[in-house]
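Visitor: I would like to go through the sheet and its helices with you, one step at a time. Could you show me the model before we start?

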Amino acid sequence: MKIAVVNNCVPFLNGGAEYLAQSLTSKLAEYGHEAILVRIPFAWEPPERILDSMLACRLFRLPKVDRVIGLKFPAYYVQHDDKVLWLLHQFRQAYDLWGTDLQGLPSSKAGVSIRDAVRAADNLHLRDAKTIFTNSHVTSNRLKKFNDIDSQVLWPPLSDTTHFSCEAFDDFVFYPSRVNAAKRQLLAVESMRHVKSPGRLILAGKGEDPAEDQRIEKAIEDYRLGDRVIWERSYISEQSKADYFSRAAGTLYIPYDEDSYGYVTLESYFSKKPVITCTDSGGTNVLVKDRETGFVAEPNPVSIAAEIDRLLADKSRARAMGQSGYDLVKKMDITWDHVIRSLTT
């Protein structure tokens with residue numbers, strides 16, 4: 001089958017969705033299909049350009065393609081007679097993030113019009129798809145709540161797990177991710193003020209917003225955490241990331257209302273390391289079971305610090321929870337066999 005995987009494209013922005021799109025395209029080829037990744041440029045600033053991107057995707061055509069697999073807004077508007085969606089997330093600023101600090105869109109009359117246009121287009125065009133899969137129960141529930149559209153959860157696997165291992169439980173927690181307000185690295189830094197153990201926090205990821213970067217830098221300086229917080233300010237290699245996982249006592253992953261469990265949790269559990277997350281981190285609760293595969297903290301510095309201290313104080317318990325996380329992932333059959341079969345049937 002000739003398959004086009006369609007995703008949006010923001011130049012020089014890489015994250016879990018981009019990783020998944022590339023992995024899916026490669027895996028489709030491994031399973032005998034002809035596959036191509038089509039990345040359609042998307043801009044949300046100024047907000048009026050969102051409507052331009054929506055129209056461009058709707059007018060886009062893919063001839064000589066047997067099936068289209070759409071992933072993200074607004075790329076999933078592409079028209080095709082045989083279209084399946086693996087919905088990673090909609091334009092959340094028009095949905096659950098509206099009215100929050102992460103709204104992004106202005107609350108003006110123009111902003112409300114853009115929000116309503118996004119919702120109307122989703123209500124109409126998402127129904128073009130033969131089948132809609134999502135990356136988590138969070139995404140499925142949101143789609144049902146706001147658009148009254150049913151879907152099936154299809155868990156995203158890692159592209160490769162062979163380089164992950166468990167070598168040691170050193171005195172640091174590891175937080176690899178794109179750096180932005182929603183991922184809450186600033187909250188992680190603020191938590192280190194209250195950590196009583198002599199452990200460290202290692203952040204790894206490139207900043208997306210200079211203002212947020214400055215807030216993180218200022219917190220490290222103001223709280224005199226220069227010897228306790230290390231920030232690898234770039235996209236580190238897969239091997240470097242695996243090395244950090246291999247030696248960490250555990251992983252910190254505390255985003256706000258994440259759509260899915262996030263690749264970070266999978267990578268941590270394939271390294272047999274427990275994960276600390278938050279009660280409001282969304283889809284991470286699929287894999288992070290409090291006191292079983294990690295710790296679930298309240299989203300405030302004191303609570304997160306207490307869980308970091310608890311993790312660093314008992315390495316044997318950390319080892320046991322990491323093993324439990326690994327066992328859970330295996331039990332859930334988060335595999336490419338299942339994904340490819342679902343998307344190509």
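Visitor: In what order do the six strands of the open sheet lie?
Guide: This is a predicted model, in which local features need pLDDT of at least 70, side-chain atom pairs count only at pLDDT 80 or more, and totals for chains, interfaces and linings use all residues. Residues are numbered from 1 along each chain as its sequence is written, and side-chain values use heavy atoms, with hydrogens and water left out. Strands are DSSP runs of E with at least two residues, helices are runs of H or I with at least four, both numbered from the N terminus, and two strands pair if DSSP finds at least two bridges between them. The pairing here is parallel, and the order is S9-S8-S7-S10-S11-S12.

Visitor: Which strands are the edge strands?
Guide: An edge strand pairs on one side only. That applies to S9 (229-232) and S12 (294-297).

Visitor: In S8, which residue is the bridge partner of Phe172?
Guide: Strand S7 (residues 172-176) runs parallel to S8 (residues 200-204), and five bridges join them. The partner of Phe172 is Arg200.

Visitor: Which strands does helix H8 lie across?
Guide: Helix H8 covers residues 262-270 and runs at about 155° to S11 (275-278), where angles run from 0 to 180 degrees between N-to-C directions of axes fitted to C-alpha atoms, for helices over the stretch in contact. Contact means heavy atoms within 4.5 Å. The strands are S7, S10 and S11.

Visitor: How are H8 and H10 oriented to each other?
Guide: H8 packs against H10 (residues 315-331) at about 115°, with their axes 8 Å apart. Angles under 35 degrees count as roughly parallel, over 145 as roughly antiparallel, 65 to 115 as roughly perpendicular and the rest as oblique. The two helices are therefore roughly perpendicular.
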